[in-house]
Amino acid sequence: MPNKVEEFNAYRAKMNDKLLAENNKLIKRIFNLDTNAYMAGALDVKTKELLGLVASAVLRCDDCVKYHLESSKKEGATKEEVMETLGIATLVGGTIVVPHLRRAYEFWEALEEIDA
């Protein structure tokens, strides 16, 4: 049985493939812009992913939160860095972010289980 991380990544890949197969210029450009925005530049990739995590939590996008959690982990973010980042997101977004904070913590635990 697939875990939460595998399920999320499989669904995301499947649906991204379908969306991109439609050959819509605007969607393709947005996807490309997103990809390029998170490449190393004046800020390193880990910092950009943590910034994306804050924005995603404040905007209450659980899929985006999952994506940025996994990307942050791949870039070497520690649990302490992620928790501090989520704390900032909760401060900025207010208590309405708390349910998303819970799901983020649960997904981070699933990511940690992969490394165990």
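The model is predicted. Helix α3 spans residues 45-58. Helix α4 meets α1 in a left-handed crossing and α6 in a right-handed one.

**Helix α3**
- The 14 residues of α3 should span 20 Å at 1.5 Å a residue, and the end C-alpha atoms are 20 Å apart, so expectation and model agree.
- Asp 44 caps the N-terminal end, with a side-chain oxygen 3.2 Å from the backbone nitrogen of Lys 46.
- Buried residues of α3 include Val 45, Leu 50, Leu 53, Val 54 and Ala 57.
- The buried residues of α3 pack against α2 (25-37), α4 (62-74) and α5 (79-93).

**α1 against α4**
- The axes of α1 (residues 4-21) and α4 come within 11 Å and cross at roughly 110°. Angles of 65 to 115 degrees count as roughly perpendicular, so α1 is roughly perpendicular to α4.
- From α1, Val 5, Phe 8, Asn 9 and Arg 12 make the contact. From α4, the partners are Asp 63, Lys 66, Tyr 67 and Glu 70.

**α4 against α6**
- The axes of α4 and α6 (residues 98-115) come within 10 Å and cross at roughly 35°.
- On α4, the contact is made by Asp 62, Val 65, Lys 66, Leu 69, Glu 70 and Lys 73.
- On α6, contact residues include His 100, Arg 103, Phe 107, Trp 108 and Leu 111.

Notes:
Residues are numbered from 1 along each chain as its sequence is written. This is a predicted model: local features need pLDDT of at least 70, side-chain atom pairs count only at pLDDT 80 or more; totals for chains, interfaces and linings use all residues. Side-chain values use heavy atoms; hydrogens and water are left out. Helices (H or I, at least four residues) and strands (E, at least two) are DSSP runs, numbered from the N terminus. The expected span of a helix is 1.5 Å times one less than its number of residues. Buried means under 20% relative accessible area, exposed over 50%, partly exposed in between (1.4 Å probe, protein chains only). Contact means heavy atoms within 4.5 Å. A polar contact is a pair of N or O atoms within 3.5 Å; within protein, one must be able to donate a hydrogen and the other to accept it, and residues adjacent in sequence count only if both atoms are side-chain atoms. Axes are lines fitted to C-alpha atoms, for helices over the stretch in contact, and angles run from 0 to 180 degrees between N-to-C directions. Angles under 35 degrees count as roughly parallel, over 145 as roughly antiparallel, 65 to 115 as roughly perpendicular and the rest as oblique. A crossing is left-handed if the near helix is turned anticlockwise from the far one by less than a right angle, and right-handed if clockwise.
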